[in-house]
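Morning, everyone. Please have a look at the model on the screen, and then I'll take you through its inside.

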Amino acid sequence: MQLVMRQMSGLGNQMFQYAAALYFGQRYDAEISIAIDPDLKAESFGSPRPFQLGLFQISAPASRSRWYQELFANWNPRLESLSSFARQVCGVRLVNQPEWRPYLPDFPFSDRPRAVYLRGYWQTARYAEVIPEIVRRELTLKAPPAGRNLEVLQAIARSACPVSLHMRRGDYT
């Protein structure tokens, strides 16, 4: 079975999406790949959201989404009938992150389709908690810190009680 993660939004969301893909890949012995949003769609509220998982040691191949991948996992309600028909003909299932509960331990079907597309943000640490070693290995940076990043890392290491504060840039109002 092929498991396709539909990449969307910024790096934090991409990390959650990838952890969910790793979880389901392990659970269903599926081959994972990543469909990257086209550049013109890779933004949120006017802020660029390019694919950034390539900075990490991910094992899943990533490529720009093709037209049929866009169709299988589209968000346009006007195309849903066509998308549903295409998925049915091609043996593809679409799994959306459930809105009513953030954690979905199993797929909501019992058959084994040719491919499953994951669509959504999958914002819960529970997927990573099941496979922490895999997530840590895959989400390790390829290149060691250098320059200003190395200086900041060393300053943090020297601090008696380091604190990190993340502030939203204002793209969600």
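**The core and its main helix**

Start in the middle. The largest nonpolar core has 30 residues, and L3, Y18, F24 and L118 touch the most other members. A nonpolar core here is a set of buried Ala, Val, Leu, Ile, Met, Phe, Trp, Tyr and Cys residues joined through side-chain atoms within 4.5 Å. Buried means under 20% relative accessible area, exposed over 50%, and partly exposed in between, with a 1.4 Å probe and protein chains only.

A word on the source. This is a predicted model: local features need pLDDT of at least 70, side-chain atom pairs count only at pLDDT 80 or more, and totals for chains, interfaces and linings use all residues. Residues are numbered from 1 along each chain as its sequence is written, and side-chain values use heavy atoms, leaving out hydrogens and water.

β1, α1, β2, β7 and α5 each supply at least two of its residues. The largest share, 7 residues, comes from α1. Helices (H or I, at least four residues) and strands (E, at least two) are DSSP runs, numbered from the N terminus.

What does L118 touch, leaving aside neighbours within four places in sequence? L118 is in contact with L3, V4, M5, R6, A20, A21, F24, V95 and F107. Contact means heavy atoms within 4.5 Å.

There is also a second, separate core of 10 residues, including V4, L71, V92 and Y117.

Now α1 itself. Helix α1 spans residues 11–28. Its buried residues include Y18, L22 and F24. They pack against β1, β2, β7, α4 and α5.

Next, the rings. Phe, Tyr and Trp rings (for Trp, the six-membered one) pair if their centres lie within 6.5 Å; planes under 30 degrees apart are stacked, over 60 edge-to-face, and the rest tilted. That rule gives 14 aromatic pairs. Take Y23 and F24: their centres are 5.0 Å apart and their planes at 75°, so this pair is edge-to-face. Both are buried.

F72 and Y117 have centres 5.3 Å apart and planes at 70°, so they too are edge-to-face. F72 lies in α2 and Y117 in β7, so the pair ties together parts 45 residues apart in sequence.

Last, one cluster: Y23, F24, Y28, Y103, F107, F109, W122 and Y127 form it together.

Note on methods
Expected span 1.5 Å × (residues − 1).
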